[in-house]
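Thanks for coming. I will take a few minutes on one model and go through the ligand shell, the core, a helix and the confidence.

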Amino acid sequence: MEGQHLSTPERTLSASTMKAYDLVVIGGGSGGVGAARIAASHGATTLLAEESRIGGTCVIRGCVPKKLLVYASRIGMEFEDGQGFGWSFQAREFTWGTLMGNVANELTRLERAYETTLRSAGVQIAHSRAELLGAGRVKLSANGQIIYAKHILIATGARPIADESLPGWQFCATSDDVFQWLRGRRCGEFHSPHTLGDS
Ligand SMILES: Cc1cc2nc3c(=O)[nH]c(=O)nc-3n(C[C@H](O)[C@H](O)[C@H](O)COP(=O)(O)OP(=O)(O)OC[C@H]3O[C@@H](n4cnc5c(N)ncnc54)[C@H](O)[C@@H]3O)c2cc1C
């Protein structure tokens, strides 16, 4: 989206509540992070606004945690198969809380790495929801600051929905829900958040 032309580096327009950038990116997921980093590395003054966690769906609640959970599930199957190959085990125990704690630590490490990479490229980060006001104007909800930008990139991703037209939809969990399950104990004991909430 194009607004007024700003050829100078970031400049304060009047009070500290008004700033201008070549590019404002709304959303710090895969798309937003990549665009902001590359634009800044080419010299564009760039602000990235993220209302949740830097890394977005892929890092925080998508590709990365999904792969870690899949790897964890495979190890259980390897134990089963191992018996046919002569392996035996005294005790075999799986602790969901340990897995989820370690997954959370890894996501935090990646989030920080993304932030460091962005800042190193010269991107300014606003930990705030951003609201598009019109051509070349964005408002940061966290402090009410109005930002002016030559270009605005909307990279806000998507959210899972529960399709209530599907019979039994209330028994379904989205992937976002699954990554919040902290209280499951053993394989086969996981329930939808609706039943977990009671335990
Ligand atoms: C469970 C799961 C597994 C997946 N696995 C894979 C995989 O293995 N391989 C693969 O290629 N893809 C995978 N994907 C898809 C991949 O995660 C997405 O395609 C990708 O993250 C989309 O990136 P994005 O930048 O468009 O949006 P997102 O990553 O969703 O980022 C959007 C960001 O914008 C922020 N935001 C929204 N509105 C505002 C606002 N108004 N102000 C400020 N910030 C805002 C959000 O908080 C979010 O952080 C998976 C997705 C899921 C759900």
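What you have on the screen is a predicted model. On that convention, the shell around the ligand holds six nonpolar residues, 13 polar and four charged.

Which residues come nearest to the ligand? Of the 23 residues around it, they are Gly27, Gly29, Gly31, Gly56 and Gly157. As for secondary structure, H1, H2 and H3 are the elements that give two or more residues to that shell.

Now the overall layout. The protein chain has six helices and seven strands. Read from the N terminus, the order is β-β-α-β-α-α-α-β-β-β-β-α-α. Of the 199 residues in the chain, 23% are buried. If we take contacts between residues at least 6 apart in sequence, 64% of them join residues at least 24 apart.

In soluble globular proteins, nonpolar side chains tend to be buried together. Here the largest nonpolar core has 26 residues, and the members touching the most others are Val24, Ala36, Ala49 and Ala149. At least two core residues each come from strands E2, E3, E6 and E7 and from helices H1, H2 and H4. E2 supplies the largest share, six residues.

Next, helix H3, residues 63-84. From first C-alpha to last, its 22 residues reach 32 Å, close to the 32 Å expected at 1.5 Å a residue. How many of its 22 residues are buried? The count is one, so H3 is hardly covered, given that burial takes 20 or more other C-beta atoms within 10 Å. After H3 comes glycine 86, with a positive phi near 95°.

Is glycine 97 buried or exposed? It counts as exposed, because it has 11 C-beta neighbours inside 10 Å. Glycine 97 also lies 9.0 Å from tryptophan 181, C-alpha to C-alpha, although the two are 84 residues apart in sequence.

Last, confidence. The mean pLDDT of the chain is 85, and 82% of residues reach 70 or more. Two stretches stay under 50. Over residues 1-16, where pLDDT is under 50, the model has 33 contacts beyond four places in sequence. For residues 184-199, also under 50, that count is 18.

Note on methods: Residues numbered from 1 in each chain as written. Predicted model: local features only at pLDDT ≥ 70, side-chain atom pairs only at ≥ 80, totals over all residues. Helix = DSSP H or I, 4+ residues; strand = E, 2+ residues; numbered from the N terminus. Expected span 1.5 Å × (residues − 1). Buried ≥ 20, exposed ≤ 12 C-beta atoms within 10 Å, placed from the backbone. Core = buried A, V, L, I, M, F, W, Y, C linked by C-beta atoms within 7 Å. Near = placed C-beta within 6 Å. Nonpolar A, V, L, I, M, F, W, Y, C, P; charged D, E, K, R; others polar. pLDDT = per-residue confidence, 0-100. Contact = placed C-beta atoms within 7 Å.
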